[in-house]
Amino acid sequence: MARSTGTARKGFRDIADNLQLSIDSGEIPVGQYLPTERELQDTFGASRSTVRKALAHLVECGYGQSIPNRGVIVARGSRPVKTKNIALIDGGSYVMRVLTVRLGKMLSDRGYDPVHMGGSPEYPMEYALQRAVDNDFAGAIVWSYKGFPDVEFLTRANPRMPLVALDHRAGGGETDLVTFDHEAAAMAATDQLIRQGCRRIGVTGMLDMLEVSHLRFRGYLRAMFAHGLQPEPRDFVFTVTSGIYDADPYPLETRLRAADRPDGLIVLQDEFVPATIEAALRCGLRLPHDLKIVTVGDDIEVDVDGAGMTAVTFDWESMAFEALRLLTERIENPDLPFRTVIIPHRLTVRGLCGAQPAERTPESDRLRSFAGEPVFARSRYKYSSRWSVQDDGPNSHS
């Protein structure tokens, strides 16, 4: 158990959190007695009343069982559920807005009370989680919008309130996770361009600190190498990174105006497809004749001269179902090992990759990421290649 090294006296929550970490790490195993009150006073420089309050807090949270005249023995570390509230914490993307509605309905049907706590860089994920823990929430479903969250905080919070992460892990924090095979998804998208005859394939979109972005980039590289193609660093033309809200088209346009420009582009995130298409059109390129494009993600609708976007489609409905299953199972059995569930994806082939009508996915407009009609309309972008380079926006957007 960590020993206090400072001169400041510790509050009861500091002592309880320290003991909880020792229990979670296995340093103090289940069934063993915690140190005596006198030992804890010496370790933390705290009064007897503060130590007793810390031990009472651990017992209340399910981390200990008080044995009269003997002390406190370590319990399994499950917090008694006092509410049926489930926190839904995310950064407010289109996908998460639809998922929140879907999850809210599913949770309500099972007798839980969903509470959307939102989130933004100005309101860190840890604040929302701390509120949920302090108010005895039964659990939380989290889409981390922070690249480097406080892992120590997550380690303390998770045993007290079950967490399920969506799409990507919350930093290095260990939780249940529902995600996709992002590397395989990007490989499938790149393979499609290669099948359409592309040999100089660039990659664009966002490269940030999240593991899923790196996995997608890895998938692009793997597909290129698998076909004996050499990726060129000058074709890595990312237009967005962490902390930037608007795409910077300069590196992409500079590359597309070059004589040895790529003949294909994979966009790692579908939200950056419109900026990519607009950059190509400003460069005077015809799509897909001069430049073929595919993307990872199928949650916006794009049309250039009647040709739609070839995309890897993710099954978000299945993600919601599996997240709820993992969360309810962990609420009922906190001692389960952490699990990762991989949700299937599929490649939906449309015209902007250069595929002929016979090669395209039948009824592709019905094969979107959400079953039925989403409660929020998708963004729709419709372009014509007959716009001048002086135009500063798409011909049509809704």
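Let me start with strand β1, residues 64-67, and strand β2, residues 71-74: they run antiparallel and are joined by 4 bridges. Strands here are DSSP runs of E of at least two residues, numbered from the N terminus, and two strands pair if DSSP finds at least two bridges between them. This is a predicted model, where local features need pLDDT of at least 70 and side-chain atom pairs count only at pLDDT 80 or more, while totals for chains, interfaces and linings use all residues. Residues are numbered from 1 along each chain as its sequence is written, and side-chain values use heavy atoms, with hydrogens and water left out.

Back to the hairpin. Gly64 has Val74 in β2 as its bridge partner. Between β1 and β2 there are 3 residues, and Asn69 in the turn has a positive phi of about 65 degrees.

The largest nonpolar core has 52 residues, and the members that touch the most others are Leu99, Ile266, Trp316 and Met319. By nonpolar core I mean buried Ala, Val, Leu, Ile, Met, Phe, Trp, Tyr and Cys residues joined through side-chain atoms within 4.5 Å. Buried is under 20% relative accessible area, exposed is over 50%, and partly exposed is in between, with a 1.4 Å probe and protein chains only. Apart from that core lies another of 26 residues, including Val237 and Phe272.

Met319, leaving aside neighbours within four places in sequence, is in contact with residues including Leu99, Trp143, Asp167, Phe180 and Ile343. Contact means heavy atoms within 4.5 Å.

Now the rings. The whole structure has 9 aromatic pairs. One of them is Phe314 with Trp316: the centres are 5.8 Å apart and the planes are at 70 degrees, so this pair is edge-to-face. The cut-offs, for Phe, Tyr and the six-membered ring of Trp, are centres within 6.5 Å, with planes under 30 degrees apart counted as stacked, over 60 as edge-to-face and the rest as tilted. Phe314 is buried at 2% relative accessible area, and Trp316 is buried at 5%. The rings of Tyr381 and Tyr383 are stacked, because their planes are at 5 degrees, with centres 6.4 Å apart. Ring pairs also link Trp143, Phe180, Phe314 and Trp316 into a cluster.

Last, Thr348 in strand β15, residues 345-348. Thr348 counts as buried, at 0% relative accessibility. Its side chain makes a polar contact of 2.9 Å with the side chain of Thr313. A polar contact is a pair of N or O atoms within 3.5 Å; within protein, one must be able to donate a hydrogen and the other to accept it, and residues adjacent in sequence count only if both atoms are side-chain atoms.
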